[in-house]
Amino acid sequence: MLEANVRANDQLTSSVSKQYQQSIQHFRTSTVPNFFSHWIPAPPPSCSSSSSSSSSIQIATDFHNRISLLTHDLLSAIQSKDKLIAQHSPPHLIINPSGTVITSEQYSSVLIASLLITSDTMSPPIPIDETIQTFFRTTLNHQRAKWRKSLLDDSHDSANSSDIENSFDTSFTNLPFDPEETYANFKNCHLHPHFTTPITSVLQQAIMESTKNMISGEYEEPMLSSMVNWKKDVITPWLRSIVGRSSFNKEWKKRLDFAIQQAFCEVRISEMFSIIADYPDSKPAVEELKIALVRTGMHKHLTIQLKSQLQKRLLHPGANTAQIIDVYVSTIKVLRIIDPTDVLLEAVANPVKQYLQNRKDTVRCIVTSLTDEKSGGDLYQELRMQDAKPLDLGVGDINEMEKVDLNELYAFDEDEEDEVLSEGEDENENEKMNDDDESSVESATPTPTQPNQTTKTEVLSMLVGIYGSKELFVNEYRLMLADKLLTNLSFDTDQEVQKLELLKLRFGDSCVHFCEIMVKDLYDSRRINKTIHETVNARNKNKNDSNKNDNDNDVGEDSTVQNSNIVNVAILSDIFWPALQKQELKVHPSIQPSIQEFSDEYAALKNPRKLVFLSTLGVVKLDLELTDEVDETKVVKRSFSCSPLHATLISYFGDNENWTAEDLSNETSLPVDVVVKKMVYWVNQRVIKVGREGGYCLGAMNMNSGEGKGGMDGGGGDGGGGGEMEEVDPDAQLKEEMKVYESYVTGMLTNLGKLPIERIHNMLKMFVSSGEHKYEKSEAELAKFLQELVKLEKLEFGDGVYCLVKS
C-alpha cells in the first residue's frame with residue numbers, strides 16, 4: 001500500500017513538472033513573441049503636446065491589450081496546473097527543467113520572469129520600461145483629468161479650482177480602456193512588484209510638474225494644503241489601485257508624503273530670491289517652507305541655492321547699494337523664520353557682508369535708511385522699537401560659522417534624505433501606519449538642535465557688525481547731520497533731537513556726543529539770532545524816531561529795519577563739527593554791511609568771542625525781476641533758493657548787465673573755472689545769457705516759467721547747481737581725523753626704516769587699539785593720508801615702501 005502511494009505521488013510530480021515545462025515552452029515560443037510583436041515605441045520628448053498625448057494614449061491602449069492576452073495565457077496555464085495538483089493534497093513540489101524545486105505559489109512568478117528576461121535578450125532589445133512608464137503616465141493623467149473635471153463641474157469649487165493645474169491637457173479625460181482592468185491583470189500576473197521603478201519615475205515627474213503649476217509665483221497665500229489635497233484626491237487613489245491597499249500603506253504612503261514635501265521644497269528653494277524680495281508679503285510661503293524643510297532636511301540645499309541666487313541676481317555692479325541692503329535685511333528676517341538659531345543665516349550672509357564691505361557708499365546708505373523718515377524702512381522702524389537695547393556686535397566669527405556642518409545641527413532621519421520614493425524602506429516602520437491615517441505635512445514640527453555657536457542679534461547689529469565699528473556709522477551720521485543742519489533755514493531741531501535720543505540708546509552717549517553739540521549749536525543760534533535782531537531793530541527804531549523828529553522824514557525806517565533782519569547766522573563750535581568747505585569768497589557789497597553789523601553785535605553780546613564767517617556755506621533766498629521775454633513792457637518776478645556763491649554772482653548783474661568770467665573772478669576772489677561752472681545754473685534758468693565772445697549778460701524770463709528752483713537742489717544741471725556745493729568737505733574731514741596718527745607713522749619709520757603700507761596699517765591697528773583715537777581706518781584711507789604726507793614732502797614713496805624724507 002505504501003509503495004502504491006509513493007508511486008502515485010511520483011506520477012503526480014512528474015505530471016506537474018511536465019505541465020510546467022510545457023507552460024514554459026509555450027510562453028517562450030508563443031506568448032512572449034505575441035506579446036512583443038508589432039511593438040509601438042514610446043513618443044520622443046520633443047513631440048508637441050497634442051501629438052504626444054494622442055500617442056501616449058495609443059501606446060497605453062496597446063499595452064493594455066497585450067497585458068490582457070498575457071493574462072489569458074497565464075490563467076490557462078494556472079488552471080491546468082491546478083487541475084493536476086487538485087488530484088492530491090497537500091500540494092506537491094514542482095520540478096523546473098533545470099531540476100530546481102519550486103513551490104506551486106511561485107509558479108506564476110516564474111512564468112512571468114521568462115517574459116521579462118526575453119525583453120532584455122531580444123535583438124534589438126524591446127524598451128519595455130519606457131512603455132510601462134508611458135502607460136502609468138497616461139493613467140495618472142487620466143486620474144488628474146477626472147479630478148479637474150469634477151472640480152469644474154462643482155459650482156461651489158469651480159472658482160477655487162480655476163488656477164489648479166490650469167495648464168493640464170484635458171485630452172486624457174476619456175480613455176478607450178478601463179485602467180482598473182489592467183491593474184487587476186497586473187495582480188493576476190504578479191507583475192506589480194516588477195513595476196516599482198517605472199511607478200517611482202512617473203510619480204517624481206508628475207509631482208514636480210504639478211507642484212510647479214500650483215505654487216510657482218504664489219507667495220501670499222498658503223499653498224501646501226493644496227498640495228496635500230491634490231495628493232489625497234489624485235495620487236493616492238491612483239497608486240492604491242495599482243499596488244493594492246495593503247502594499248500602499250506599508251511601502252508607499254510615507255514615501256509619498258516625503259516626495260510631496262521634497263517637491264514643495266525644490267520649487268520654493270528655486271525661487272527663494274523672489275520670496276525674499278517680496279517679503280513680508282511672501283511670509284505665508286516662508287512659514288510653509290519652514291514646515292517642509294523640517295520633514296525633508298534640505299537646509300544644506302537651501303543654503304547652496306540661496307548663496308548662488310544672491311551672487312547672480314544681487315551681488316553685481318548693476319544693483320545699487322540701497323537695494324542690496326534692503327534684500328539683505330529681508331534675507332535676515334526670512335532665514336530667521338526658517339531657522340531661529342541663525343545657523344543658515346551665518347552660512348548665507350558671509351558673501352553679502354564681504355560685498356557690502358567693498359562698496360564705498362554702504363555706511364551712508366545704512367545710516368540714511370536708519371534716519372530717513374520718508375522711506376519708513378525696516379531700519380527706521382527698528383530704531384524706534386520700544387524695547388531697543390544697545391548694539392551688540394559680538395556676532396561671532398563668520399569663518400568659524402562656515403566650518404559648522406549643517407547636517408550635524410539638525411536632528412533629521414538619514415533615511416529621509418535619500419532619493420524621492422527610494423526603495424528599500426523599513427517595512428516595520430511602515431506597518432505602524434493604518435489605512436485611515438491621512439497625516440498631513442502641516443502637523444510637522446521643527447526639531448533642530450540648538451547650536452551654541454551663535455546668538456541671535458538684531459538686524460541693525462548685524463549691519464553694523466559688517467564693519468565691526470559703531471564709530472564708523474556715527475561719523476557718517478555726523479557728516480550727514482552737518483549737511484542737514486546747515487541747510488535748515490528755520491533752525492528747527494526737534495526731529496534731530498528725537499533721532500539723537502534714539503541713536504544714544506543704540507550707539508551709546510559717548511558716540512553721539514559731538515552730534516548733540518552740533519544740534520545744540522543750531523538751537524542756540526536761533527536764540528542768538530532772535531536776540532541780535534531785536535537789539536538791532538530797537539536801535540534802528542530809536543534812530544529813525546530821532547530822525548523823524550528832526551527831519552520829519554521816515555523814508556529810511558522801513559529800509560533800515562528790513563536790512564537788519566536779512567541775515568540769519570548758524571553759529572558753530574568749530575572743534576565739534578566736521579571739516580567744512582572754507583573756500584574764500586567776497587560777498588557782494590550790498591550784503592556786507594548786514595553781515596558786519598551782525599558780527600559786531602555778536603562780539604558785543606559774547607565778548608571776547610568773535611565770528612569767522614564761512615561765506616560759501618548756507619542758503620540765500622532772493623527775488624529777481626527781469627523783463628518778460630514776450631512783452632518787454634512787463635516785468636517778471638521769480639524767487640530762488642541758492643547757495644551764497646550763486647547769489648553773489650547774480651548780485652553783480654544788478655550793478656552791471658554785462659560781465660566776463662575774469663571780471664567776476666576778480667570781484668569774488670574765485671577761480672575762473674569755478675565762476676564758469678557756477679554760472680551754468682543761471683544760464684539754465686534763463687536769467688543769464690552767454691554772449692558770442694564768452695561774456696555774460698542779463699536775459700529775459702517767461703512770465704509762465706514759474707519759480708526758480710534748484711540752487712540748493714541741483715536743478716541747474718551740468719554741475720552748475722548749488723546742490724553740488726557740499727557743506728562738508730569729506731577729504732578735509734579725513735585729513736583732520738588722520739592727523740593724530742602722523743606721529744605714530746613718523747615714529748615707526750624712524751625706528752624701523754622703510755615700511756610697506758600693509759605693515760604700517762597692521763602696526764597702527766596693534767598699537768592704537770584703544771582710547772579716544774582708536775585706529776579704525778581702512779587701508780585705502782591710510783594710503784590717501786600717506787600720499788598727502790608725500791605731497792607735503794614729509795615722506796618719500798618708492799618701490800612700494802614709505803620712508804622719511806632725508807634731510
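This is a predicted model: local features need pLDDT of at least 70, side-chain atom pairs count only at pLDDT 80 or more; totals for chains, interfaces and linings use all residues.
Contact here means heavy atoms within 4.5 Å.

**Two crossing helices**

Two packed helices are described by the angle between their axes and the distance between the axes. The axes of helix α26 (residues 661-668) and helix α27 (residues 672-684) cross at roughly 110° and come within 9 Å. Angles of 65 to 115 degrees count as roughly perpendicular, and α26 and α27 are therefore roughly perpendicular to each other. On the side of α26, the contact is made by A661, E662, L664, S665 and T668, and on the side of α27 by V672, V675, V676 and M679. Sorted by class, this contact of α26 with α27 has six nonpolar, two polar and one charged residues.

**A three-stranded sheet**

Three strands form an open sheet in the order β5-β7-β6, and their pairing is antiparallel. The edge strands, β5 and β6, each pair on one side only. Between β6 and β7 (residues 696-698) there are three bridges.

**One side of helix α30**

Helix α30 (residues 757-767) has the buried residues I757, I760, H761, M763 and L764. These cover an arc of only 165° around the axis, so they lie on the same side of α30. An α-helix has 3.6 residues a turn, so residues three or four places apart point the same way. The elements that cover the buried residues of α30 include the following:

| Element | Residues |
|---|---|
| α29 | residues 742-752 |
| β8 | residues 755-756 |
| α31 | residues 779-791 |
| β10 | residues 801-804 |

Technical notes
Residues are numbered from 1 along each chain as its sequence is written. Side-chain values use heavy atoms; hydrogens and water are left out. Axes are lines fitted to C-alpha atoms, for helices over the stretch in contact, and angles run from 0 to 180 degrees between N-to-C directions. Helices (H or I, at least four residues) and strands (E, at least two) are DSSP runs, numbered from the N terminus. Angles under 35 degrees count as roughly parallel, over 145 as roughly antiparallel, 65 to 115 as roughly perpendicular and the rest as oblique. Ala, Val, Leu, Ile, Met, Phe, Trp, Tyr, Cys and Pro count as nonpolar, Asp, Glu, Lys and Arg as charged, and the others, Gly among them, as polar. Two strands pair if DSSP finds at least two bridges between them. Buried means under 20% relative accessible area, exposed over 50%, partly exposed in between (1.4 Å probe, protein chains only). The arc is that of the directions from the helix axis to the C-beta atoms.
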